[in-house]
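Dear colleague,

Please find the structure below, handed over for your own work. The notes after it set out what was found.

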Amino acid sequence: MKKFFLTGALILAMACPGFAKTYNVSVSQFVEHPSLDAVLKGFQDSLKAQGVDATYSVHNAQANMATANQIAAQIAGEKPDLVLAIATPSAQACALATKKSPILAGSPLLFTAITDPVGAGLVDDLEKPGKNITGVSDMLPVNQHMAMLRRFYPNLKTLGMIYNAGEANSKTTVAMVKAEGVKAGFEVVEATVAKTSDVYQAAKALVGKVDAVYLPTDNTVISSLESVIKVCEQEKLPLFSADVDSVKRGTVAALAFDYYQHGYQTGLMAKRILVDGSFPSETPVETQQELILHLNLGAAKKIGVAVPKEVKETADKIYE
């Protein structure tokens, strides 16, 4: 009888490899902040909901590129079944490591929360990545973001942006906002940072020069968001963000992605690669389409922003 059960279990495991196997997933996250944390949670919940058993080795670079490179090298020793890279700098570090490590070269690399995968050098083409790398992009619908902002300020003339020029995702977003500015008649004033400790002074540098501030999904800046909020509240400088998680923390509004759903979508892709046998090189890069509008009335009051009635009526989430 015991032999019968063992044989049956073996047959079941062979017939349903996804059922029997526990997958080793190594995670490289560039920095801790609510949006990226939500991505990881969504990814983990997605695999669990699909019946995929996984163990996670989670690493966080704390917004340090040198640490991101060290993490990528460390991951090679973990012999992962799949590598999840959250945010552009971590994905770039992991992609570089695959060129040096045969182990990583043979492991699928999924990126998520990446603005411009082609511009960041991660894939050759969105439809045909051509490597062991693919994932889900959060390329921002900047035209819709600017349309939302102009509902607050129809006569906007100068818009401040704080970002880390070393983050490829942010450089792409700034270029897109500038292009929108040319069409809509406003100028972009830039304030760049290299590390989180620079963020406060960058915000101060925009005071008196801009009508409002728009923060892209810049990992360095968003991880030090409270510094920007402090300046904007003191100086009554309107502050908007490209991610909804920052609205809860104190920006006025954002029309953006739900990053938990972003991670969940990445988990759906991971299952197709791990269990169903899809190849990353032949799996097109996906984008997230659904947008939600979050509004913080308390922040608007502190900063002195008048919220249009139609914005309140269309908000998906309002913080008082």
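In what follows, contact means heavy atoms within 4.5 Å. The model is a predicted one, in which local features need pLDDT of at least 70 and side-chain atom pairs count only at pLDDT 80 or more, while totals for chains, interfaces and linings use all residues. Residues are numbered from 1 along each chain as its sequence is written, and side-chain values use heavy atoms, with hydrogens and water left out.

Leaving aside neighbours within four places in sequence, Thr 266 is in contact with Phe 43, Leu 84, Leu 110, Phe 111, Thr 112 and Val 136. Thr 266 belongs to helix H13, residues 259-274; helices (H or I, at least four residues) and strands (E, at least two) are DSSP runs numbered from the N terminus. With a relative accessible area of 0%, Thr 266 is buried. Here buried means under 20% relative accessible area, exposed over 50%, and partly exposed in between, with a 1.4 Å probe and protein chains only.

Two packed helices are described by the angle between their axes and the distance between the axes. Axes are lines fitted to C-alpha atoms, for helices over the stretch in contact, and angles run from 0 to 180 degrees between N-to-C directions. The axes of helix H3 (residues 34-49) and H13 come within 6 Å and cross at roughly 40 degrees. H3 and H13 are therefore oblique to each other; angles under 35 degrees count as roughly parallel, over 145 as roughly antiparallel, 65 to 115 as roughly perpendicular, and the rest as oblique. H3 passes H13 in a right-handed crossing, a term used if the near helix is turned clockwise from the far one by less than a right angle, with anticlockwise giving left-handed. Residues of H3 that meet H13 include Ala 38, Gly 42, Phe 43 and Ser 46, and among those of H13 are Tyr 260, Gly 263, Thr 266 and Gly 267. The residues of this contact of H3 with H13 divide into 10 nonpolar, seven polar and three charged. In that division, Ala, Val, Leu, Ile, Met, Phe, Trp, Tyr, Cys and Pro count as nonpolar, Asp, Glu, Lys and Arg as charged, and the others, Gly among them, as polar.

Two further helix pairs

H4 and helix H5 (residues 88-98) have axes that come within 8 Å and cross at roughly 45 degrees. That makes H4 oblique to H5, and their crossing is right-handed. On the H4 side the contact is made by Met 65, Ala 68, Asn 69, Ala 72 and Ile 75, and on the H5 side by Pro 89, Ser 90, Ala 93, Cys 94 and Ala 97. These residues of the contact of H4 with H5 comprise eight nonpolar, two polar and no charged.

For helix H7 (residues 142-152) and helix H8 (residues 168-184), the axes come within 10 Å and cross at roughly 55 degrees. H7 and H8 are therefore oblique to each other, and H7 passes H8 in a right-handed crossing. Val 142, Asn 143, Met 146 and Arg 150 of H7 make the contact with Thr 173, Met 176, Val 177, Glu 180 and Ala 184 of H8. Five nonpolar, two polar and two charged residues form this contact of H7 with H8.

Individual residues

Asn 296 lies in strand E12, residues 292-296, and is buried, with a relative accessible area of 7%. A polar atom of the Asn 296 side chain lies 2.8 Å from the backbone oxygen of Val 247. Apart from neighbours within four places in sequence, the contacts of Asn 296 are Val 247, Lys 248, Gly 250, Thr 251, Val 252 and Tyr 319.

Lys 131 is in the loop between strand E4 (109-114) and strand E5 (133-137). Lys 131 is partly exposed, with a relative accessible area of 31%, and its side chain reaches the backbone oxygen of Gly 121 at 3.5 Å.

Ala 63 has a positive phi of about 65 degrees although it is not a glycine. Ala 63 occupies the loop between strand E2 (54-60) and helix H4 (65-76) and is partly exposed, at 21% relative accessible area. Lys 236, also not a glycine, has a positive phi of about 55 degrees and lies in the loop between helix H11 (225-235) and strand E9 (239-241).

Yours sincerely

Methods: Polar contact = N/O pair within 3.5 Å; in protein donor to acceptor, adjacent residues only side chain to side chain.
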